[in-house]
Amino acid sequence: MRSAIVVAALIALAGGLAACDSSADGPVSITQPAGPPTTAPGTEPTVVPGSTDPTPAPGPGPSPTGLPSRDDATVDARDYQQRDSYYFQSPTGNIMCGIISQSTLGVGCQLGHANVIPPQLPDCTDAPNRKVAVHVYGSKAEFLCTSQGIFVGEPVDGSRKGGGKILNYGDTIVVLGAACTSTQQGMRCDAGGHGFLISADSQSLF
């Protein structure tokens, strides 16, 4: 009888040791299925088209670059002001420009004479009422064929020729978010990320 009790006790002890031995390799941890990842506000994952992998949502993009600033100016815009707008011309007097505040014309220039007519203006002939012009307004730069001196300021030198004050080569005027630079290759104006370069021999938009 005593032998049976001893055997039973040994069996019970062996079972207990076996249970304890299951943690011999380290503590047993119970894991739950992973829930949805937590993200900080504004960084929720998005799925790139054509992919099933979530990628972090893009944050605010960098500030626009290449826009004119007052630091780019080499002249005082007030010297070119006529009422609420600003007018200037190239040293040759062939390119006349205006930065016009109270209209949909924006910033633009027109030629007194064009040696080349851009293909975008098939009906423009350089006749007195068909002058080549360009302008930037809003988010678009475009060619114009004008019958009026829309970018021609009043005379400032006592003559009858309009055009506003001369913007010398290398000078830049900055006003109303637009910048124009007078170069020997023509007049270049930038506004809102778009612009143009205009001369008698070449006209281009960008």
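Predicted model: local features only at pLDDT ≥ 70, side-chain atom pairs only at ≥ 80, totals over all residues.
1. Secondary structure. The protein chain contains one helix and 14 strands. Strand 8 spans 140-146 and strand 9 spans 165-166, while strand 12 is made up of residues 186-191.

2. Burial and surface. The chain has 206 residues, and 31% of them count as buried.

3. Contacts along the sequence. Taking contacts between residues at least 6 apart in sequence, 48% join residues that are at least 24 apart.

4. The largest pocket. This pocket holds about 180 Å³ of space. Its lining comprises 14 residues, and those lying nearest the centre are Gly 106, Val 107, Val 136, Leu 176 and Ala 178. By class, the lining consists of eight nonpolar and six polar residues, with no charged residue.

5. The second largest pocket. Here the space amounts to about 150 Å³. The lining includes Ser 90, Thr 92, Asn 94 and Ile 95, together with Tyr 169 and the run Thr 183, Gln 184, Gln 185 and Gly 186. Ser 199, Ala 200 and Asp 201 also belong to the lining. Eight of the lining residues are polar, three are nonpolar and one is charged. The charged residue is Asp 201, because Asp is among the residue types that count as charged.

6. Asp 190. This residue is located in strand 12. Its relative accessibility is 17%, so Asp 190 counts as buried, the cut-off for that class being under 20%. The side chain of Asp 190 makes a polar contact with the side chain of Arg 188, at 3.0 Å. Beyond residues up to four places away in sequence, Asp 190 touches Pro 68, Gly 177, Ala 178, Ala 179, Gly 195 and Phe 206. One of these, Ala 178, is also among the residues nearest the centre of the largest pocket.

7. Pro 155. This residue belongs to the loop between strand 8 and strand 9. With a relative accessible area of 38%, Pro 155 is partly exposed, since that class lies between the 20% and 50% limits. When neighbours within four places in sequence are left aside, Pro 155 is in contact with Arg 160, Lys 161 and Gly 162. Its C-alpha atom is separated by 8.0 Å from that of Lys 165, a residue ten places away along the chain.

How values were computed. Residues numbered from 1 in each chain as written. Heavy atoms only, no water. Helix = DSSP H or I, 4+ residues; strand = E, 2+ residues; numbered from the N terminus. Buried < 20%, exposed > 50% of the residue type's maximum accessible area, 1.4 Å probe, protein only. Polar contact = N/O pair within 3.5 Å; in protein donor to acceptor, adjacent residues only side chain to side chain. Contact = heavy atoms within 4.5 Å. 1 Å grid on protein atoms, 1.4 Å probe; cavity = no way out; pocket = protein on both sides within 12 Å on 5 of 7 lines; lining within 4 Å. Points joined across faces, edges and corners; volume = space filled by probe spheres on them.
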